[in-house]
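Please read it beside the sequence and the coordinates.

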Amino acid sequence: MLETKQAVKDVSRRGQRYWWLRGEEEGPRPFHFSFTWFVACFLKLTTMAKSCMPLSELATSNTHGEDSPYFAGWKAYDEEPYDAAENPSGVIQMGLAENQVSFDLLEEYLEQHPEATGWGCGISGFRENALFQDYHGLRAFRQAMATFMEKIRGERAKFDPERIVLTAGATAANELLTFILADPGDCVLIPAPYYPGFDRDLRWRTGANIIPVHCNSSNGFQITTQNLEAAFAEAVAMGFRVRGVLITNPSNPLGTTISRPVLEEILVFAARNDIHLISDEIYSGSVFSPDEFVSMAEIVEERGYKDCERVHVVYSLSKDLGLPGFRVGAIYSYNDRVVTTARKMSSFTLVSSQTQKMLASMLSDRVFVENYLETNRKRLKERHDYIVEGLKDAGIECLRGNAGLFCWMNLAPLLKETTREGELELWKLILQEVKLNITPGSSCHCSEAGWFRVCFANMSQRTLEVALRRMRNFTEKMMMIKEN
Amino acid sequence: MNPEAEAKAPPADEEATSAGPLAFPPVAARGGGAAAMRLIVPLQGIVQGRGGLVLGSLIPCALFYFLQIYLKRNRSSPSPSSSSPPADEGELPGIVRTLSRASLGSARSPAAVSSRAVSIAKSSDSAAYFVGYKKCSEDPYHPLDNPDGVIQLGLAENHLSFDLIEGWFATNSKNSWFDERQGGLNINGLATYQPSDGLMELKMAIAGFMGQVVQGSVSFNPSRIILTAGATSAIEILSFCLGDHGNGFLVPSPYYPGYDRNTKWTAGIEVIPVPCRSTDNFSFSIAALERAYDQAKKRGVKVRAVLFSNPSNPVGNLLQRKLLHDLLDFATEKNIHVIADEVFAGSTYGNEEFVSMAEILNSDDEFDRSRVHIIYSLSKDLSVPGFRTGLIYSFNDQVLSVASKLTRFSSISAPTQRLLISMLTDSDFITRYIKVNRSRLRAMHALFVDGLKQLGIKCVKSGGGFYCWADVSQFMKSYSEKGEFELWKEMLDLAKINATPGTACHCIEPGWFRFCFTTLTEKDVPVIMERFKRIFDSR
């Protein structure tokens, strides 16, 4: 073998460079082996591929995004959840934006109104209800949703029940709107930091892309026209067609409402660039002081419905009423075509008729609704103030928030290095040592490292105390380490 | 190209070519021509088939690729962004792509929607269906209040055994969905976030129910169940898992009109009809599947699965064991999936036995189960379509994992899940219900088919489902789609009966109609036959 190789090399060195044209006179038997081997491998691979059932690209890709820290924290919590009695050193879940502060009000209502849960006043109601699968949704329920949404906005905007399309949760509503407004390969602008779930909900099945509109702490993470224009230009430079801008108002994860002038600017920007505007207002009922919330619906009405055909509002009962398990979401659109198409497509994601009927009676009860909204707001504000105070004692600053179920806190002083890696290191440390699951800003696509979202409404007051105590101990320890 | 190739290439001896007698390489020219020769000679060698494995394939591929880019650039109109990502211009009618800034200043229509939305807005739900539905809702038949109203025979709902469900509910509603263990009302467990693919208790209860429905021939494993908001949603999710946009599913026709929407609207999967004939009792044949598969391949559509319903909608026949075995062999040969839509499994009334796909798999150990998926729902067998409870039962772990993530877009409402858990775990009630429901279906089916027989109308022999698949072609003015449509219109306007014409189900033979008999009472049947006489006797 060696002699053969040497012989071939000699021949090459003699000036004939075109070794690949050489025949097999010098007997490169190894070539035969390697060629056959390659062919055999190739055939083996193809047969292997054949024996594994081929699935779609979607099924085999990673775009569900569930490998990010946002979900890793959830997993850690699932493995070792905190329980005051049974597992006092377990992980406290502070990464789940759920509202558990006002359950007692719901339970009280249901106890006093058994006809909402049962069909005490006539069995015939049950029959119609169980058979009802019209994608228009129960008229009474749509009416009740419209009334509820108006109440939240202090009657400053009107909602027409015929424009409400029901979906199984706001997740489905956002995805459905993306299917309708964007083709695969198009993109949506979303002010960052934003809810990590959007990466999956708006991109996974729709094939659309998200371009973040970077906001920074210098102006309290407010959205400006410059930021929007910059993101738009970036999208165009990358070759994407921008189909819409999606804002969350009140914002998740910031916990702040968007002011009236900014909302007007955003609508003007959308109109100027001929794109749609989706206003995700699922936290609208969780604004501590109702006057501080301005809905996009109000802006549309004030402008005399100019450019309204590009405005769509998304709502859900998961946050304001604390009923995420009920899977009730809605799209409210001023665009007739979008309403009819969304209604047809909602066949894939209908709300159970039983749930609709039950909630219809609850949401039409004006007394209950007023009482609930007021009490819920008050309790959320108390919790919010408590946690902000507690974090301040621990030396942690929060963004000044006025809504939502969470705080946006700044842990930059605790970072070893002010980079994404440094932030993730700190997040891991807090998860593993302090046993708190919080959401790192990088999961929310925040351009500044060190910001974290911490939820306060999905636990009891006592658990919150424990969490704050742990946080305080941790920051004291970190400060000592830094000093030394 | 030449020097790079030399540097990257594996040792010379392994890359020498082996093809027969060689032409002598051209003599290398001296000086300036040397560089050119370095390029040309190996290329010449490649053209002559002596390029070796790597270079012989790589270089032509690279050249071809550059040629494509060159042609593409010169063919398309100059656009500002030369790096446009490949857009899916697929089969949907596209809106002309322009940058939004370019349209500034000109008269603009309101913000456009996606081309996907445009095609959905235009599509489907044929006008005929809606006209019929509308007439029924405006002027519904009632034996006492409105004996001359429009009778709805086009909507698949089962009213025959609803009294049993109502009765159960009347006695059990208070306890049905609050957690009794915690002493009464406790909304906490109900209202908070639940696993999106359904509560394990409900999966266990439904697995038990499915086992009862197939009369114990199979036992279903709850951890293979993914719960969704209706079978509609289950089909959509499976479409996303099994095929990419533009792929196809083979579907024996006539088929449930909803399949077109469920696979296409969001997942973009095309339905490829496999026509079945009345001579075969509308049962599909493997030969027909083969033909359809080959035709699809010629058109460039990649087939990913066979989707069929058993008991069949609209025909109502039950598929034979042997056919199902053959289908599995066909699927293995073509390396595609099998989706069995068994939503009517509990609504069988004939003397034939119903064979579930799961039973076939149990008996055949050699078969690769990971290609079989079953769709089920409580909408038909338990008469609760409003509650939106469907499921995917899959033997493929990867599909289960992906599908469970996809259910976040279509989960079942928690209070409904609790209610169903209570109902399904009441096994005495369920056993009684299934038995009574079957016997009532049998009775009503026999009555209806008899009535039609007396008018001279034959129905396909069916063993399950809510429909009669009847041949009324003798009453059509012309044996064509147009004739069928006219007959349908006459049925609606003169006889005031709304039925589903065969073309809506993509039947290739005109003159077949689908009548749903489960919304009727015994007294309604003679009324219907009288009405039919209005139009049929005049022939």
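## Overall make-up of chain B

Buried residues, meaning those under 20% relative accessible area with a 1.4 Å probe and protein chains only, make up 53% of the 539 residues in chain B. This is a predicted model, in which local features need pLDDT of at least 70 and side-chain atom pairs count only at pLDDT 80 or more, whereas totals for chains, interfaces and linings use all residues. Residues are numbered from 1 along each chain as its sequence is written, chains are lettered from A and ligands numbered from 1 in the order in which they are written, and side-chain values use heavy atoms, with hydrogens and water left out.

Chain B has 20 helices and 13 strands, taken as DSSP runs (helices H or I, at least four residues; strands E, at least two) numbered from the N terminus. Among its contacts (heavy atoms within 4.5 Å) between residues at least 6 apart in sequence, 74% join residues at least 24 apart. Chain B exposes about 23,800 Å², of which carbon and sulfur atoms supply 55%, by the Shrake-Rupley method with a 1.4 Å probe.

## Nonpolar cores

A nonpolar core is a set of buried Ala, Val, Leu, Ile, Met, Phe, Trp, Tyr and Cys residues joined through side-chain atoms within 4.5 Å. The largest has 147 residues, and those touching the most other members are A:Met94, A:Met409, A:Leu411, B:Phe448, B:Phe515, B:Phe532 and B:Phe536. Helix α10 (residues 231-242) of chain B gives the largest share of this core, 8 residues. A second, separate core of 81 residues includes B:Ala207, B:Val214, B:Phe308 and B:Phe367.

Leaving aside residues up to four places away in sequence, B:Phe515 touches, among others, B:Phe448, B:Phe466, B:Ala470, B:Met491 and B:Phe532.

## An open sheet and its helices

Four strands of chain B form an open sheet in the order β9-β10-β13-β12, with antiparallel pairing, where two strands pair if DSSP finds at least two bridges between them. Because β9 (458-459) and β12 (500-501) of chain B stand at the edges with a single partner strand each, one side of each is left without a neighbour in the sheet. Strands β10 (residues 467-471) and β13 (residues 512-516) of chain B pair in the antiparallel sense over 5 bridges, and B:Ala470 stands opposite B:Phe513 in β13(B).

Helix α18 (residues 427-454) of chain B lies across β9, β10 and β13 of chain B, running at about 15° to β10(B), with axes fitted to C-alpha atoms, for helices over the stretch in contact, and angles from 0 to 180 degrees between N-to-C directions.

Technical notes
Buried < 20%, exposed > 50% of the residue type's maximum accessible area, 1.4 Å probe, protein only.
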